[in-house]
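User: I have a model open here and would like to talk it through with you. Could we go over it piece by piece?

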Amino acid sequence: MNFIRQSGILLHPTSLPGTPGIGTLGEYAYKFVDWLFESHQKLWQLLPLGPTGYGDSPYASFSTFAGNPLLIDLELLCQKGWADKKDIIPPSYIKNDGNVDFGSVVWWKTPLLNKCAEYFLKNAASDDLMLYKNFCKEKASWLDKYALFMSIKNEYDKKAAEEHAPSSMWNLYWPKELAACEKTALTEWKKTHKNEIEIIKTIQFFFDVQWNELKSYANEKEIKIIGDIPIFVAPDSADVWANQSCFKLDKNGIPQAVAGVPPDYFCEDGQLWGNPLYDWDAMKKSGYSWWIDRIRRVLELTDILRIDHFRGFEAYWSVPYGEKTAKNGQWIKGPGLDLFKTISKKLGDIPVIAEDLGVITEEVKKLREDCKFPGMKVLQFAFSSEQIKNEGYTNYFLPHEFDTNECVVYTGTHDNDTLQGWLEKCDENLLTYVAQYFCAEKIDYEKAKKMVSSGILRKKMITSALASSAVLAVIPMQDIIGIDNQGRMNTPSTSGSNWSWRMKKNDLKKTAADYLAFTSELYGRNL
């Protein structure tokens, strides 16, 4: 697909301010869209929208088709008459500001959403109930499996906790007949858990309505949504459980090998993701139907897709199940162009950004070019202390070295430190070089440090991204605000505080909007 020259902001909805515990699809999401419009930005990039599981990562959700219930705005439910106002008052430990405490939010909001769903099913107007029934019918291909999976999971999670079991995973703890998706066992479960399944579907209906209304609002202001689709799915997900023949599992549902990446910029031991690997031969025999359904669903929710870890379609890093790090893996060939040709035949010319970071070979580059997908250029990756010691230093992430205009430039991604945080950590030689590069003048270290503390150098880098030849430019909201590493979204191969950052209400500043509007017009990105 041919993209036109535009720019936008990366901000996941969980990072929005002003609502209890976590950002939602409510008032401040609409205010953010208004701010994007005032800033002449045409793109809003998100992380995956699925319901998050272990570690709260949007890249490890319980379903690649479902929406995250925690994003549902309670006030909007009340406005539609789908919830009782007195039921949504949060307890004192749930705050409207500060980082997300996922444990507390899940503990409070999950039973509350169940209560809202019960209220809706009992009290909603007939027209609204008809909308719900139509939603269940239209989305049945994934919704039925997801609701069944979550119903079983919820019960056995509780049981595992009571028994202090080491795991409640479907392939380790559930009864064999349920883990194996035996028809008789599932039919019986549906009969005995009808209400729970209905509530799970209703909550997905809430998400779908709120998201579609927000997306329509953004699209009316000529703002496109960039979604994110991880190449792999979580082992503890409806996707794997309900489609076991699509994955390389043994007869008990245990992965034969898992996904990761070898040692790289982010981690010297590599990254052991633990996702089960696809059985690409089986998927090909089905015409890649699961992948086609997956992409069709994401295109319902967004306008453009960013495919995370695109290089895995050419070759993926396979690590034996049970390994403690990703070091002892091997590259195995993926489906390559055949997958994307098949998808194109079914869905047409899909708008895709390929995340082509990491170990990129000529074969990966050729696959991306054959697919005609723009890749990514990350300004932080253009500089390292070791590289700049080399005479004649060059790097294809440097704006003047971009090998094609058909790329998307970022100051950083969700896996990087914030731009301000990164600059503050640069050593003397590196910081001096960065300052000289973006200011095009001789600058000593002391001056460079002052440019960091004042935010001038950060702003110079953002301006360079917007001025670059890349067809699209996307800037994380943290870099616009100028927050240091306290705003970092994720540190790969770690757990604890990832994904929790939230902006403040007053971070949507007019000065920043005016700057973005001016530079976007100046560099032809306001089309």
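User: Let's begin with tyrosine 288: is it buried or exposed?

Analyst: Tyrosine 288 counts as buried, because its relative accessibility is 3%, and please keep in mind throughout that this is a predicted model.

User: Where does tyrosine 288 lie, and what is its phi?

Analyst: Tyrosine 288 lies in the loop between α10 (280–285) and α11 (289–301), and although it is not a glycine, its phi is positive, at about 55°.

User: And histidine 164, where is that found, and is it buried or exposed?

Analyst: Histidine 164 is found in the loop between α5 (140–162) and α6 (176–179), where it counts as exposed because its relative accessibility is 71%. Histidine 164 is not a glycine either, yet it has a positive phi of about 55°.

User: What about asparagine 243, which residues does it touch?

Analyst: Leaving aside residues up to four places away in sequence, asparagine 243 touches Lys145, Ala238 and Trp290. Asparagine 243 sits in the loop between α9 (238–242) and β4 (257–261), and with a relative accessibility of 14% it counts as buried.

User: Switching to the sheet: what is the strand order?

Analyst: The sheet is open and has 8 strands with parallel pairing, in the order β9-β6-β3-β2-β1-β12-β11-β10. The edges are β9 (352–354) and β10 (375–378), each of which has a single partner strand, so one side of each is left without a neighbour in the sheet. From one strand to the next, the twist averages 25°.

User: Which strands of that sheet does helix α1 touch?

Analyst: Helix α1 (residues 27–38) packs on the sheet, where it touches β1 (6–10) and β2 (43–45), and its direction makes about 135° with that of β2.

User: Which residues of α1 are buried, and what do they pack against?

Analyst: The buried residues in α1 are Tyr28, Ala29, Tyr30, Phe32, Val33, Trp35 and Leu36, and they pack against β1, β2, α8, α18 (477–481) and α19 (510–522).

User: How far apart are the end C-alpha atoms of α1?

Analyst: They are 17 Å apart, which agrees with the 16 Å that the 12 residues of α1 should span at 1.5 Å a residue. After α1 comes histidine 40, whose phi is positive, near 60°.

User: How many residues are in the largest nonpolar core?

Analyst: That core has 166 residues, and those with the most contacts inside it are Ile9, Trp35, Trp44, Trp291 and Phe313. Helix α8 (residues 194–220) supplies the largest share of this core, with 11 residues.

User: What does tryptophan 44 touch?

Analyst: Not counting residues up to four places away in sequence, tryptophan 44 touches a list of residues that includes Ile9, Leu11, Pro13, Phe32, Val33, Leu36 and Leu214.

User: Last topic: how many disulfides are there?

Analyst: The count comes to 0 disulfides, taking a pair of cysteine sulfur atoms within 2.5 Å as the rule.

Terms used: Residues numbered from 1 in each chain as written. Predicted model: local features only at pLDDT ≥ 70, side-chain atom pairs only at ≥ 80, totals over all residues. Heavy atoms only, no water. Pairing = 2+ DSSP bridges. Helix = DSSP H or I, 4+ residues; strand = E, 2+ residues; numbered from the N terminus. Axes fitted to C-alpha atoms, helices over the stretch in contact; angles between N-to-C directions. Contact = heavy atoms within 4.5 Å. Core = buried A, V, L, I, M, F, W, Y, C linked by side-chain atoms within 4.5 Å. Buried < 20%, exposed > 50% of the residue type's maximum accessible area, 1.4 Å probe, protein only. Expected span 1.5 Å × (residues − 1).
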